[in-house]
Each structure stands twice: as structure tokens, then as C-alpha cells.
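Please look through the notes below with the model open beside you.

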Amino acid sequence: MANITKKVSWSSRGDESGGGERTPLLNGSEELSGEGGMFHIGRLSTVDLEEDMTSDEVTFSFLSILDYDNSENQLFLEEERRMSFLGFKCLEISRWVICGLIGFLTGLIACCIDIAVENLAGVKYYVVKQNIEKFTEVGGLSISLILWAVLNSAFVMVGAVIVAFFEPGAAGSGIPQIKCYLNGVKIPRVVRLKTLVVKVCGVICSVAGGLAVGKEGPMIHSGAVVAAGVSQGRSTSLKKDFKIFEYFRRDTEKRDFVSAGAAAGVSAAFGAPVGGVLFSLEEGASFWNQMLTWRIFFASMISTFTLNFFLSIYNNKPGDLSSPGLINFGRFESDSVAYNLYEIPLFIVMGAAGGLLGALFNILNYWLTIFRIRYVHRPCLQVMEAMLVAAVTATVSFAMIYFSNDCQPLGPDQSEDYPLQLFCADGEYNSMATAFFNTPERSVRSLFHNPPGSYNPLTLSLFTLTYFFLACWTYGLTVSAGVFIPSLLIGAAWGRLFGILLAAITPNGSVWAVPGKYALMGAAAQLGGIVRMTLSLTVITTVYTVLIIVIHLVVPQGLYDIHIKLQSVPFLHLEAPATSHWLTAREVMGAPVTCFNRIEKVGTIVDVLSNTSTNHNGFPVVVPVAASDDLGKICGLILRSQLIVLLKHKVFVELARSRLTQRKLQLKDFRDAYPRFPPIQSIHVSQDERECMMDLTEFMNPTPYTVPQETSLPRVFKLFRALGLRHLVVVDSENRVVGLVTRKDLARYHLGKHGLEEMQLAQT
């Protein structure tokens, strides 16, 4: 392995400072210690921002790895054999029912968020507007500025406090966390009920507080949390079990429903069910099957219908199922002018511009996030920063409106919700206020739909510049917020500017260079440049594919992937690093491996599970070959969670012989303990019980995946990625266990500036 650059140390040591502070994880979640599948992947105490630091120098936190491979032990096979054809059909119907419930609840939550944001923002803008109109004539507009800043800060303070102090896992959009979950890495508390409640309340406060954020990302996270809860038929947070959907209490089934929840969130946000399916496929689900596609589409359709139905009732338009509170791209497309062939080069230029601006946005936010992780990790500092950003946003917005002289006539076809006259003549409104003095969704719609002449080039230029930096500063705050709408708003502004300039400098430009059309193209280019979406973006915004292809070529990495990489989460991408074929399983595996015999002593099992220095989660079960040989032949694999359940129920050989009426352990006992298996420290094993024996034959997976020592790294990677594995046993030519490959072993290799680089594991 001499050709690999050893670049970074992932430390497995504990916090030497004594544990007073906790490291933020993915926009707010904090590191946790715990049992079962969690490995400590470092700290940030060695980060020096003055050095040319790579993201790999940022260290890991406690993460739990999910197991998307079913354990086909004897209990599982017996249950499958006993199940009739009707039973399988009932399970399939249950899957559709769950997807329908996910879509309905996600749409209902999205409706509540939309109504709450529109009402709270409406009250705020009405109060500020009345105050501005009052002091415009008599003087003293500074009072209006203070009022605006105070109202913004008050809303944001509430949203930041509940996130920072009650549930840090609700910070940000939640999309990076959901991507990690679907990839097989469980970020702490990412799909809990408390996270959902704080997420919903937090995003309402963030958007109503005037931050440069959107509510679409949190809708996706909310849908995923709803799916994780509904599909299990119980709430572990409320300690309430409804005794339904018990069959789906395992990682494999739960993953599929979380995919449906994420798609339902996209569909509710943009009114695009197909876009929701493609988003879940492209940005979320690492594992996919065709049967899942139609169920996810069904959940997305139900979500969109539910949202539009309740919004139409709220707006006293029961027959109108369009959603006035959300972005509806298709409505604009129906009125737009068809493009000409000579416009394709212009779209390519816009795609390149969106990619470059997106790359700049991501780089700036990357360094800002490192600064926050290093210095702004206390909850009180996080709340203060969020309030500061809210106040600065209000101040900058007020200054831009105050110094703008872009006055437009207020005609009957204008749809401004809060038109500000300020220093304009009677019958006119300040055009800059249309962009700043509004919720981001309404600002995007005005840029799409307002007729030509509604903005002058200087207004759009200044708005693009200021909002770009405000949005970059805002993303990553300890508030619930998304980046979809700010990206669309930035792109719509410079796209409309581009259309205005084309109309001015080209012959007959006013005929074909419709500003609204180019606003749409700019919005798609900017969103694609920041988050690097391709498939789902073409459906969400229904724009031209050539622009998306250019974005894909220009932008090396999306914002969500950057934030995942910043925390060094062991995320497995589609392919293994290039130039890694010469590496073999022997060189990447962990060895020696802790193995159990088919019939093992209870005391040995307890000691291994209690060993905090290793904290292994999968244990090969072997048959000894010879007394002098330390290596045994593989005959199965058993998980830590399974062993804990066996210890909890005292499934010992001696007790089974002495108690002829002892109830046989069933899969239901394992499902009841899922997903929060008790820690080994909570299970009492007496000294006499330590001398008992435990037969693992019935509970182990007798057919685990194995590979020879000479298997190349890309082949091992494909097995992990395609099958959702958690452990892969490495055997020699005689089928003896020689090593074990885990996700951590694969994630430490990546292609860097110096070729294939390895992040060196420090054993301490």
C-alpha cells in the first residue's frame, strides 16, 4: 500500500477535555456516545483554519450503521414458510396503505407549514408596511428599520432556541441526514418524533423571520420522519405501540418507506410527484427496486392532492386544487414562449454560469461551515448568530429598498402582496421591495410571472449580489431551513437580468427573449449548480436538458455532499475510487476478527459485548478446525443486537433443559426491541449464568456474504453498495475467517489531489 497517500488520522479516542462540549454534526446534531453500531470518528480540536485544510481533516462523530441485509436465520425462514399466499398479499396491501398514510400526513404537515408561514409573515409585513408608510411622510424611518429587525430576530430566536437547546438534529434542511440514512448511516435522532415537531416549528419561524431560506428542504425531512414512524406502527418517543405493521420493523423495510416519505416531501413542496420519485432515486435512495417506484409515486400523488385539497378549502376555493403557497413551475411553462434553436447556446452559457456561481456558493459555505464547527458550537452562540443574521438581513433589505429608485406603476395586473410606495409617486410601488419585502416563494413567483418592465437591470443586479451572500451566510445556521428556494430566487434574479439584457442588445429580442422564461432557466441553473441535481430538477422545473448536462459537468460536488463530507460520514458513493483495483480485501479488512463458536459460553459473550475499546457489531460464528488452529471455518454471522436480545431473555442451553415449558423465542421479540436495543450494561447476568452456554445456531445468519482474500476493492465496494451490507467476511481458500470488512474500512479510501488517498486509522 505504498502508493497510497496517508493523509488523515481518524482517532477512536474519547474526548480528552473531560466532555464539557459536544461537536456539531451535520448542521446541528451533536455527537453521542452509545451502544450498538457506533464508532467514534474523531474531533475538531486540531483544525487550523489558517492552513490549507481539506474536509478529511474534520473528524467523525458517533454514528450508527444500518443493516440493509436481512438475517435469514432459522426464525426468519420458519416465519416465511408458515406464511400463506394470502398473508403475503396482505403484507403487500399493507405497504400500499402505509405509503398512502405517509403521503396524506406529509401533505397535511406541508399544508400546516404553508398556512402558518403565510399568516405569520403576512402579519409581520403588514405591521412593518404600515409603520413605513407612517414614517415616510413625517420622518423617522429608522424606527421602521428597528421594528423590522426586531420582529425578524424575535421569530428567528424562537426557531433557533428550540433547535439548539431541544433538538439539534432538526437544524438545516435535513436532506444530508436523510441521504446518509438511505445510504446506510444513521445520524443520531434523525427520524424521531421530537425532531419532526421541532423541524416544523423551526422552519415556520425561520421563514417568517425573513431569513434567506425556504421550507422545501424541511418538508422532505418531515416526510421521511413521518414515514419512519408510520411504517413501524408505534412511537418509541411516546412509548406507544399500536401493535400494527410489526412485520416492517427492520432496517430494510424502514429504508423503503423513508424513501417514500422523502419523495412525498418533494411532491408537496413543488407539486411534482414524478420529481419526488426521481429526487428520492437520485439524491436519496442508495438502493432501489422497481416495485418500490409505484408505491413511492402513489405516496407522492397522495401528498400533492392532500396539500392542494386542504389549501383550497382554507382559501375558500374548494374546486381549485392548485397550491397558491408553493412554487408551480408548470403554470408558468404553459404561458411561456417556446424556445428557438439559436437559444440553445444561450442556455449552455446560463448552465455554465449557474454551475460556476453554485461552485462559488459551495466553496464559501464550506469555509463558513468549518468556522462554525470550530468556533460557534455552543447553543447560546448559535442562537446569537442566527439572531444576528436575521437582523442583518432586515437591515440590508431595508437599505436596498430605501436607496432604490426603481418605481413601477401599480396596475390592475400587478399581483404584489405588500407593495411599498416609499418615495415613489402616487400609483407606483418600489420594485426592489417586491423582491426583499416578501416571502422567498412569492419573490420567486414575481420574478417568473411579472410582465416585462417590472424590474430594471440595476435592481436585479443589486438583489442578486446581496441575496447571494445572505443565502450563503444563512445556510448552516442552527435553524430549520432549506436552500431550494434561495437558490431558485438567486437564479431567477440573474436569469431575468440576462433576459432583459438580451432583449435590449439583440434585434427583435423583445419578442423571443421573454424575461420570465430566462428567469426560469436561471433558477434551474442556480439550483442545479448548488445542489447538483440533474434528473429530478428537469421534472421539478421542466426545463431543458442541455442546461442540466452543462451544470453536471461544471459543478464537481453538490452542497449536500459537501456537508456530508465535512463531517467525514462514511458515505458510500456509486462507485469505488478510481485506480483502486489493485487493492484487495486482504489489505482493507480488519483483523484479527472476534468470532464466536456455534455454542458459546455466556460469560465470553458478555465480556466481548462489554468491551468498549472495540464495540463490534457483527461476529462471525465459526466451527473450530483443529485445537492448535486459531482460525475457524465460517458457519454463520450474528449481530450485537441479536445477542443482546438473547441475553435479555436468558436463552441459555441449561435453562432450556431445566424448563421444559419455556416459551420459544420468536422474531417478534427482536422486532419489539427494534430499533433502540438496550445497552449491554442494562442487562444483568449473574455469576452462575456466566457459566452457562448459549446455542447460536437458530439465531445466526447461516449464509452470510463472504469474499476471498484476493477480491479487489471495487468488487467489495459493489457488494456493499448494491446489497446494503454492514459486514463482509473475508475467508481463505479453506473457508476459514481471516478478516472482516466494514463500511469504515471502505470509506477511508478516496481519490484526492495526490491520487488514491487513505485516511489512516489511529488505534489508541
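1. The buried residues of helix α1 pack against α2 (85-138) and α26 (667-673), where contact means heavy atoms within 4.5 Å and buried means under 20% relative accessible area, with exposed over 50% and partly exposed in between (1.4 Å probe, protein chains only). Helix α1 spans residues 74-82, and its buried residues are L75, F76, E79 and E80. These residues lie on the same side of α1, because they cover an arc of only 130° around the axis, the arc being that of the directions from the helix axis to the C-beta atoms. On the other side of α1, R81 and R82 are exposed.

2. A word on the basis of these notes: this is a predicted model, in which local features need pLDDT of at least 70 and side-chain atom pairs count only at pLDDT 80 or more, while totals for chains, interfaces and linings use all residues. Residues are numbered from 1 along each chain as its sequence is written, and side-chain values use heavy atoms, with hydrogens and water left out. Helices (H or I, at least four residues) and strands (E, at least two) are DSSP runs, numbered from the N terminus.

3. The structure holds one disulfide, that is, a pair of cysteine sulfur atoms within 2.5 Å. C407 and C424 form this disulfide, with their sulfur atoms 2.0 Å apart, and the link is left-handed, with -80° about the S-S bond. The pair links distant parts of the chain, since C407 is in strand β9 (residues 407-409) and C424 is in the loop between β9 and β10 (428-430), 17 residues apart. C407 counts as partly exposed at 26% relative accessibility, whereas C424 is buried, with a relative accessible area of 8%. C595 is in no disulfide, and the nearest cysteine sulfur, that of C635, is 9.6 Å away.

4. How many aromatic pairs does a search of the whole structure find? The search finds 27, where rings of Phe, Tyr and Trp (its six-membered ring) pair if their centres lie within 6.5 Å, and planes under 30 degrees apart count as stacked, over 60 as edge-to-face and the rest as tilted. W148 and F398 form an edge-to-face pair, at 6.5 Å centre to centre and with 75° between the planes. This pair links distant parts of the chain, with W148 in helix α3 (residues 141-166) and F398 in helix α12 (residues 379-403), 250 residues apart.

5. The charged end of K124 sits over the ring of Y125, 4.4 Å from its centre, and R374 lies over the face of Y375, at 5.4 Å from the ring centre.

6. Please also follow the open sheet of three strands, which has the order β11-β13-β14 with mixed pairing, two strands being paired if DSSP finds at least two bridges between them. The edge strands are β11 (596-597) and β14 (632-639), each of which pairs on one side only. Strand β13 (residues 618-624) is joined to β14 by seven bridges, and the two run antiparallel. F619 stands opposite I638 in β14.

How values were computed: Lys NZ or Arg CZ within 6 Å of the ring centre and 35° of its normal.
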